[in-house]
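I wanted a first look at one helix and what surrounds it. These are my notes.

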Amino acid sequence: MGWSWRSAAWYLLAACGGVVLLPFALPIAATVYAIVWLYTWTHDPRARTSIVQVLPLHPRRVFRCVRALWSGMLDGLGGPTIAIIVTYLAAKLTRSARAQDTAVRDIKYGPQARHRLDLFVPLGREPGGHMPVVVILPGYRWSKTKRARMYRPMAQTLCGDGMFVVLPRVGGAGAGLEDILGDFHQAVQWVFENADNFGGDARRVHLLGYGAGAHLCTMYSLVVPLKTWYAQADRIAPGAQLLSTSRADQALRSWLKRIRRVQRPVAGLILVSGVFDIAGQRKYEAERCIEHLSATCRTFGALDDAAEAWSPSAIVRSLRRRSAFIPAELFASSVLLIHGRRDSTFVLQQSQRLFRELCEIDVPDVNMKIYANLRRVDPSIALLAPASALAQSLLEDIRSSVSPPHATAQGAQGHGGDDASGPPQGQTSIEHTLDQAPAEHFQSQAPAEHCQSQAPVEQTDQGPQTNTEPRRRARTERDYFPQTKLIASKS
């Protein structure tokens, strides 16, 4: 087949362009290799023994690695992050609208010198009244849990919204997962024992985690169900195995034995941009050629055979497959998952899997919110500027999650009835069944048998009229904040 003159002209033009760009391509390639090699040298644990053998050479691997590093940088700095930081620094320099510091610092909660926490006390509380308590587990990465100072502005913002906030310092130099969770266990136990003394409500203690903190909060909340299951299973068959491999099961038992005192379950979990399936995360990082460079590798690299023991999604799935019924009094009654759809570090599927498993074991109140046009949702950054639209959206979610049960019940009675009010001014709300939601968001969350009705919801003057037959519904709403928010909930 002969070439036309247009095809020949196109290939000639492409060849000329390649020749012209060749002097620029070599420096760009050298720069890309230098960036990847420098990052490998500083982040790959294997580089301590032999740096030459771990440096990537294949162009495809280098390209995937640099693309992953670029996406990670965009996760941290994308969206409204820079604008919020600039607004916060400007307000701090000009001392305008500066929030009053209400923290009581360096309260001792354990025997070690590092066992300190800050308690943020809300102003204007009624004498004798008890308010909800939010315990923040700091750290986006497992090695950064000791950097509680970065979360103080966020804690002060939450405190100004009418709740006690506890910010503990957990872990330390060289601390492992069991040490971090042990410190966090003692901090939460201190909250339960002293909530009545400082005006908090011990029945309304919620855990808030971001990134690795969300993972650790979920692991902590599973202590009571796991201890209960093992105690009952060992009475029937000593050495009963819950997880799929014996090594993972032994690792889980070893960690549970370190927590000698069984604490009472918390009221709720608020999990933002978390990772809940370690094996799935490791596989995803291997596809991006950063399996030896990530924080997950540095924390779980030596535990690949026991990764299931540190995967909340896998643990809940194993409990369900063993036909284990988790009574409501043994687990958090309210779970809120928040994730950015475009997050490339801890992808959306991580929260989707946990949402599905919690729905399957019939946790009373499970909700998931997806910010469709955001990458990483970082509450420690978003709440630096409380007046911003993103901060107001997060505060609304957290406020509704920590609200008392009777308030939630009243809201449920009013929704969809004759007295139900429509969406706030400037907002529109559409409710529909889960299998009508976009497939890329909810394709793995609800089995088809739970979606019995596909009729769209009609918007009336009295508010949205919903069909109560489906077990799970999805709500999509767009308000003044320019990012679309998708909410999935288990009704």
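The model is predicted, so I kept to its limits: local features need pLDDT of at least 70, side-chain atom pairs count only at pLDDT 80 or more, and totals for chains, interfaces and linings use all residues. Residues are numbered from 1 along each chain as its sequence is written, and side-chain values use heavy atoms, with hydrogens and water left out.

Which residues of helix 3 are buried? I found Val62, Cys65, Ala68, Ser71 and Asp75; buried means under 20% relative accessible area, with a 1.4 Å probe and protein chains only. Residues three or four places apart point the same way, because an α-helix has 3.6 residues a turn. Helix 1 (5-43) is included in what covers the buried residues of helix 3, where contact means heavy atoms within 4.5 Å. After helix 3 comes Gly79, with a positive phi near 65°.

Next I looked at the second largest pocket. A pocket is an open set of points on a 1 Å grid over the protein atoms alone, where a 1.4 Å probe fits, with protein on both sides within 12 Å along at least five of seven lines; lining residues have an atom within 4 Å of a point. I noted 36 lining residues, with Gly72, Tyr140, Arg141, Thr345 and Arg376 nearest the centre. Helix 3 gives the largest share of this lining, nine residues.

Conventions
Buried means under 20% relative accessible area, exposed over 50%, partly exposed in between (1.4 Å probe, protein chains only). Helices (H or I, at least four residues) and strands (E, at least two) are DSSP runs, numbered from the N terminus.
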